[in-house]
Amino acid sequence: MSETTEKPAGNGFEPRIIAFVCNWCTYLGADLAGTNRLEYPSNVRIIRLPCTGRIDFNLVVKALEVGADAVIVSGCHPGDCHYTAGNYHARRRWMLFREVLETLGVDLHRIHFAWISAAEGKKWAQFVADVTAQTRELGPYNEYRQIIEAEVS
Amino acid sequence: MQQQELRQLARKLLEEGTVKVVIGYGQPVAGAPAFPVFITDPAKVDTLVWNEQCFHNLTGYLKRKEIRALGKPAIVVKGCDERTLVMLEKESQIVRSDIYVIGMACSGVGEPQAAKCACCEVHMPRLADSVIGQVDNPPVDASARYAVLDEFLSAYPTPAARMAYWQEELGRCVKCYACRQICPLCYCERCIFDKNRPTCVDTSPTLKGNFGYHITRAFHLAARCIECEECTRACPVGIDLRLLNQSLSRGAEEHFGFRAGVDPEAELVVGSYSLKDREDFIQ
């Protein structure tokens with residue numbers, strides 16, 4: 001990235017953000033952002049999956065387990081799914097998954113959902129910038145890091 | 001007496017050969033917790049008991065290969081246990097006609113009475129082949145259904161407080177998998193926790209592994225759990241797993257108007273979808 005990339009705000013904390021995106025919409029959206037030379041923070045690590053319907057909640061847990069400060073899940077808009085209904089199934093699952101995370105005390109401000117199409121490179125760049133800024137404000141996800149580092153009691 | 005009637009019915013079923021085994025409750029020591037018995041001999045039906053100690057949900061045994069090998073079973077269920085049968089049938093795990101269901105009218109079990117009984121609306125089994133006894137369904141306060149969860153959420157209002165609570169609780173988990181074993185709706189032949197190439201869920205009993213395990217266990221029961229509370233009862237270190245299950249059950253009820261096993265005609269939540277599902281959390 002060029003010199004215009006956002007610099008960390010003082011404390012040197014750079015959020016690690018893992019994005020699970022669908023192959024057909026958001027991944028192509030991110031590609032479009034690249035070919036359009038749109039700049040967005042390099043804090044995001046993109047993992048491409050066939051469909052939001054494939055994004056198992058275990059992957060989100062795994063992302064937290066490897067030290068993600070925020071997680072992004074993104075795919076096709078309703079009605080646009082390459083597999084007709086994968087995103088509808090996913091939407092339903094995320095509704096329920098958020099409930100159990102809320103009870104467990106996992107910070108829902110760190111788990112983001114979006115519909116970003118192949119034509120929305122700009123939306124993708126803006127979304128990543130927003131998530132990065134928000135996560136930077138929240139700071140490192142220390143609560144989950146405690147969980148990762150705890151020894152057998 | 002319900003117990004007498006139950007024994008008579010069990011003897012009749014076994015003698016006639018309608019069923020090969022009766023899955024019910026036994027109690028060798030009066031007052032002690034009842035435990036499951038499997039009766040294949042009509043001469044031994046007097047082992048069967050029915051009292052307030054019969055709090056287990058026996059339907060979990062229907063999935064076991066060794067029980068299936070015995071032949072057609074008759075199973076003693078309470079109204080609440082029967083909800084499991086509804087779910088198992090909807091998920092194609094049982095064929096209803098292959099099982100003889102003995103329903104027991106029940107006005108609450110456990111001493112002190114189990115939390116689930118306070119807001120029970122199925123004191124009389126609805127789908128059993130024979131129902132023994134008669135009790136009325138008292139009016140139920142639906143808001144009391146998630147009382148345990150509400151209490152927890154108000155006692156620990158912030159994510160940080162809840163996280164601290166669960167770190168403490170799940171830190172005690174020894175990963176004995178009792179909650180998985182006892183669950184009547186955990187029936188995968190090969191469980192995700194046993195898969196180790198690659199490892200799906202960290203198997204070590206550290207906090208990291210325990211969080212992964214409990215999130216997965218709870219979520220695999222999303223909109224399926226019938227709140228029999230067997231997992232909580234089976235837990236040797238006393239983790240209140242009901243809280244996780246109830247949060248998902250409440251989510252299913254709030255978002256989809258679905259309560260597992262209550263309406264046999266209702267469409268399952270996971271595995272179906274609606275164009276009208278809310279998406280205010282998606283940007």
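Trainee: How much area do chain B and chain A bury between them, and what share of it is on carbon and sulfur atoms?

Mentor: Good place to start. Keep in mind that this is a predicted model, so everything below describes a prediction. Chain B and chain A bury about 4100 Å² between them, and 66% of that is on carbon and sulfur atoms. On the chain B side, B:Phe219, B:Phe281 and B:Gln283 lose the most area to chain A; together they make up 18% of what that side buries. If you count residues in contact, chain B puts in 51 and chain A puts in 40.

Now for the polar side of this interface. There are 2 salt bridges between chain B and chain A. One to find on your screen joins A:Arg92 to B:Asp277, where the closest N and O atoms are 2.9 Å apart. Between chain B and chain A there are also 18 residue pairs in polar contact, counting pairs with both residues at pLDDT 80 or more.

Let's look at the two partners, beginning with chain A. Chain A has 5 helices and 4 strands. Follow chain A along its sequence and the order is β-α-β-α-β-α-β-α-α. The radius of gyration of chain A is 16 Å, close to the 15 Å that the globule rule gives for 153 residues, so chain A is as compact as a globular protein of that length. The C-alpha trace of chain A spans about 45 × 40 × 20 Å along its principal axes.

Chain B holds 10 helices and 5 strands. Its C-alpha trace spans about 60 × 45 × 40 Å along the principal axes. For the 283 residues of chain B, a compact globule would have a radius of gyration near 19 Å, and the 20 Å of chain B agrees with that.

Chain B also has a contact inside itself. It is divided into domain 1 (2-132) and domain 2 (142-256). The contact between these domains takes 19 residues from domain 1 of chain B and 19 residues from domain 2 of chain B. The C-alpha centres of the two domains of chain B lie 26 Å apart. Domain 1 and domain 2 of chain B bury about 1600 Å² between them, with carbon and sulfur atoms giving 53% of it.

What holds your eye at that domain contact? There are 3 salt bridges between domain 1 and domain 2 of chain B, and B:Glu189 and B:Lys65 meet through their side chains in a salt bridge (3.8 Å, N to O). The interface of these two domains also has 8 residue pairs in polar contact, again with both at pLDDT 80 or more. On the domain 1 side of chain B, the elements giving two or more residues are α3 (79-90) and α4 (115-118). Of these, α3(B) gives the most, with 5 residues. That domain 1 side divides into 6 nonpolar, 6 polar and 7 charged residues.

Stay with helix α3 of chain B for a moment. The side chains of B:Arg126 and B:Glu82 meet in a salt bridge, 3.8 Å from N to O. B:Glu82 lies in helix α3 of chain B and B:Arg126 in the loop between α4 and β5 (130-132), so the pair ties together parts that are 44 residues apart in sequence. Over all chains, the structure holds 22 salt bridges.

Before you close the viewer, zoom in on two backbone details in chain B. The peptide bond from B:Arg197 to B:Pro198 is cis, with omega near -5°, and B:Pro198 lies in the loop between α7 (178-182) and α8 of chain B. Then find B:Lys175, in the loop between α6 and α7 of chain B. Phi of B:Lys175 is near 55°, a positive value in a residue other than glycine.

Notes:
Residues are numbered from 1 along each chain as its sequence is written. Chains are lettered from A and ligands numbered from 1 in the order in which they are written. This is a predicted model: local features need pLDDT of at least 70, side-chain atom pairs count only at pLDDT 80 or more; totals for chains, interfaces and linings use all residues. Side-chain values use heavy atoms; hydrogens and water are left out. Domain bounds come from an automatic or database domain assignment. Contact means heavy atoms within 4.5 Å. Buried area is the accessible area (1.4 Å probe) that two parts lose on being put together, summed over both. A salt bridge is a side-chain nitrogen of Lys or Arg within 4 Å of a carboxyl oxygen of Asp or Glu. A polar contact is a pair of N or O atoms within 3.5 Å; within protein, one must be able to donate a hydrogen and the other to accept it, and residues adjacent in sequence count only if both atoms are side-chain atoms. Ala, Val, Leu, Ile, Met, Phe, Trp, Tyr, Cys and Pro count as nonpolar, Asp, Glu, Lys and Arg as charged, and the others, Gly among them, as polar. The radius of gyration is taken over C-alpha atoms; the globule rule is 2.2 Å times the number of residues to the power 0.38.
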